[in-house]
Amino acid sequence: MTKEDRQYINLDEIIAYEFRCKQETCGARITVIAAKGVVIPGNCPQGHDWVKPGMEAVAAHNALQQFLESVPEVERLKRFLGCELYLQLRYPQESQSDMVNKIRS
Ligand SMILES: [Zn+2]
(Lines give C-alpha, C1' and ligand atoms only; values in the text may rest on other atoms or scores of the structure.)
Protein backbone atom coordinates (compact mmCIF):
# COMPACT_ATOMS: atom_id res chain seq x y z
CA MET A 1 0.00 0.00 0.00
CA THR A 2 1.44 3.38 -0.95
CA LYS A 3 1.28 6.62 0.96
CA GLU A 4 -1.01 8.02 -1.75
CA ASP A 5 -3.64 5.48 -0.70
CA ARG A 6 -3.92 6.92 2.79
CA GLN A 7 -7.19 8.35 3.94
CA TYR A 8 -7.47 11.77 5.53
CA ILE A 9 -10.38 13.61 7.03
CA ASN A 10 -10.66 17.10 8.36
CA LEU A 11 -12.66 18.20 11.36
CA ASP A 12 -15.75 19.30 9.42
CA GLU A 13 -16.17 15.72 8.18
CA ILE A 14 -16.84 14.43 11.68
CA ILE A 15 -20.58 13.85 11.87
CA ALA A 16 -20.85 11.84 15.08
CA TYR A 17 -18.85 10.36 17.92
CA GLU A 18 -19.29 6.74 18.88
CA PHE A 19 -18.53 5.80 22.46
CA ARG A 20 -17.85 2.09 23.01
CA CYS A 21 -17.88 0.36 26.37
CA LYS A 22 -14.49 -1.12 27.30
CA GLN A 23 -15.99 -3.54 29.81
CA GLU A 24 -15.04 -7.07 28.81
CA THR A 25 -17.88 -8.92 27.02
CA CYS A 26 -19.95 -5.71 26.68
CA GLY A 27 -18.86 -3.40 23.86
CA ALA A 28 -22.17 -1.50 23.90
CA ARG A 29 -22.11 1.69 21.84
CA ILE A 30 -23.62 5.14 22.10
CA THR A 31 -23.49 7.46 19.09
CA VAL A 32 -23.75 11.19 19.67
CA ILE A 33 -24.15 13.65 16.81
CA ALA A 34 -21.13 15.93 16.60
CA ALA A 35 -22.25 19.36 17.61
CA LYS A 36 -21.47 21.96 20.16
CA GLY A 37 -22.14 20.61 23.61
CA VAL A 38 -21.27 16.92 23.16
CA VAL A 39 -21.09 15.38 26.62
CA ILE A 40 -19.47 12.03 27.35
CA PRO A 41 -22.18 9.59 28.49
CA GLY A 42 -21.83 8.56 32.12
CA ASN A 43 -22.76 4.91 31.57
CA CYS A 44 -23.08 2.42 28.75
CA PRO A 45 -26.58 1.15 27.86
CA GLN A 46 -25.84 -1.95 29.99
CA GLY A 47 -25.13 0.23 33.02
CA HIS A 48 -21.33 0.03 33.16
CA ASP A 49 -19.88 3.16 34.69
CA TRP A 50 -17.82 5.22 32.22
CA VAL A 51 -16.84 7.81 34.81
CA LYS A 52 -14.19 6.08 36.90
CA PRO A 53 -12.82 7.29 40.22
CA GLY A 54 -9.21 8.42 40.59
CA MET A 55 -7.13 11.37 39.48
CA GLU A 56 -5.90 9.79 36.25
CA ALA A 57 -9.39 8.71 35.26
CA VAL A 58 -10.71 12.20 35.92
CA ALA A 59 -7.82 13.68 33.91
CA ALA A 60 -8.56 11.31 31.02
CA HIS A 61 -12.27 12.15 31.14
CA ASN A 62 -11.52 15.89 31.20
CA ALA A 63 -9.03 15.62 28.31
CA LEU A 64 -11.58 13.78 26.17
CA GLN A 65 -14.30 16.29 27.07
CA GLN A 66 -11.98 19.19 26.15
CA PHE A 67 -11.20 17.53 22.81
CA LEU A 68 -14.90 17.16 22.03
CA GLU A 69 -15.54 20.79 22.91
CA SER A 70 -12.54 22.05 20.94
CA VAL A 71 -13.61 20.52 17.60
CA PRO A 72 -16.56 22.88 16.95
CA GLU A 73 -14.52 25.79 18.31
CA VAL A 74 -11.71 25.12 15.83
CA GLU A 75 -14.29 24.82 13.05
CA ARG A 76 -15.81 28.16 14.04
CA LEU A 77 -12.42 29.91 14.09
CA LYS A 78 -10.54 28.05 11.35
CA ARG A 79 -10.80 30.90 8.86
CA PHE A 80 -8.26 32.72 11.03
CA LEU A 81 -5.69 29.91 10.77
CA GLY A 82 -2.99 29.76 8.15
CA CYS A 83 -3.25 25.99 7.93
CA GLU A 84 -5.91 23.32 8.03
CA LEU A 85 -5.76 20.16 10.11
CA TYR A 86 -6.21 16.79 8.42
CA LEU A 87 -6.41 13.61 10.45
CA GLN A 88 -4.68 10.65 8.86
CA LEU A 89 -6.52 7.39 9.35
CA ARG A 90 -4.76 4.16 10.16
CA TYR A 91 -5.74 1.07 8.25
CA PRO A 92 -7.17 -1.56 10.58
CA GLN A 93 -4.32 -3.99 9.96
CA GLU A 94 -1.64 -1.41 10.78
CA SER A 95 -0.35 -0.86 14.27
CA GLN A 96 0.49 2.58 15.64
CA SER A 97 4.24 1.82 15.34
CA ASP A 98 3.79 0.77 11.68
CA MET A 99 2.25 4.16 11.01
CA VAL A 100 5.01 6.07 12.81
CA ASN A 101 7.69 4.18 10.87
CA LYS A 102 5.98 4.94 7.54
CA ILE A 103 5.61 8.62 8.35
CA ARG A 104 9.29 8.87 9.28
CA SER A 105 10.49 7.11 6.12
ZN1 LIG B 1 -20.92 -1.78 28.97
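## Overall arrangement

Along the sequence, the elements of the protein follow the pattern β-β-β-α-β-α. This gives two helices and four strands, where helices (H or I, at least four residues) and strands (E, at least two) are DSSP runs numbered from the N terminus. Residues are numbered from 1 along each chain as its sequence is written. The model is predicted: local features need pLDDT of at least 70, side-chain atom pairs count only at pLDDT 80 or more, and totals for chains, interfaces and linings use all residues.

The mean pLDDT of the protein is 87, and 86% of its residues reach 70 or more; pLDDT is the predictor's confidence in each residue, from 0 to 100. Among the elements, β2 has the highest mean pLDDT, 96, whereas helix α2 (residues 96-104) has the lowest, 68.

## Burial and contacts

Buried residues make up 1% of the 105 residues in the protein. A residue is buried if 20 or more other C-beta atoms lie within 10 Å of its own, exposed if 12 or fewer, and partly exposed in between, with C-beta atoms placed from the backbone.

Two residues are in contact if their C-beta atoms, placed from the backbone, lie within 7 Å. Of the contacts with a separation of 6 or more, 40% are accounted for by residues 24 or more positions apart.

## Strands β2 and β3

Strands β2 (16-20) and β3 (29-33) are separated by a loop that holds Thr-25. The two strands pair in the antiparallel sense over five bridges; pairing requires that DSSP finds at least two bridges between the strands. Arg-20 has Arg-29 in β3 as its bridge partner. Strand β3 is hardly covered, since the count of buried residues among its five residues is zero.

Glu-18 belongs to strand β2. Glu-18 counts as exposed because it has 8 C-beta neighbours inside 10 Å. Leaving aside residues up to four places away in sequence, Glu-18 touches Arg-29 and Thr-31. The C-alpha atoms of Glu-18 and Ala-34 are separated by 9.6 Å, although these residues are 16 apart along the chain.

Most residues other than glycine have a negative phi. Thr-25 counts as exposed, because it has 6 C-beta neighbours inside 10 Å.

## Helix α1

Helix α1 (residues 55-77) has 23 residues and reaches 32 Å from its first C-alpha to its last, close to the 33 Å expected at 1.5 Å a residue. That expected span is 1.5 Å times one less than the number of residues. None of the 23 residues of α1 is buried, so the helix lies largely in the open.

A kink of about 25 degrees lies at Ser-70, shortly before the proline Pro-72. The bend at a residue is the angle between axes fitted to the seven residues ending there and the seven starting there.

## Two partly exposed residues

His-48 is found in the loop between β3 and α1. His-48 is partly exposed because 13 other C-beta atoms lie within 10 Å. Beyond residues up to four places away in sequence, His-48 touches Cys-21, Gln-23, Cys-26 and Asn-43.

Asn-10 lies in strand β1 (residues 7-10). Asn-10 is also partly exposed, with 13 other C-beta atoms within 10 Å. Apart from residues up to four places away in sequence, Asn-10 touches Glu-84, Leu-85 and Tyr-86. The C-alpha atoms of Asn-10 and Gln-88, 78 residues apart along the chain, are separated by 8.8 Å.
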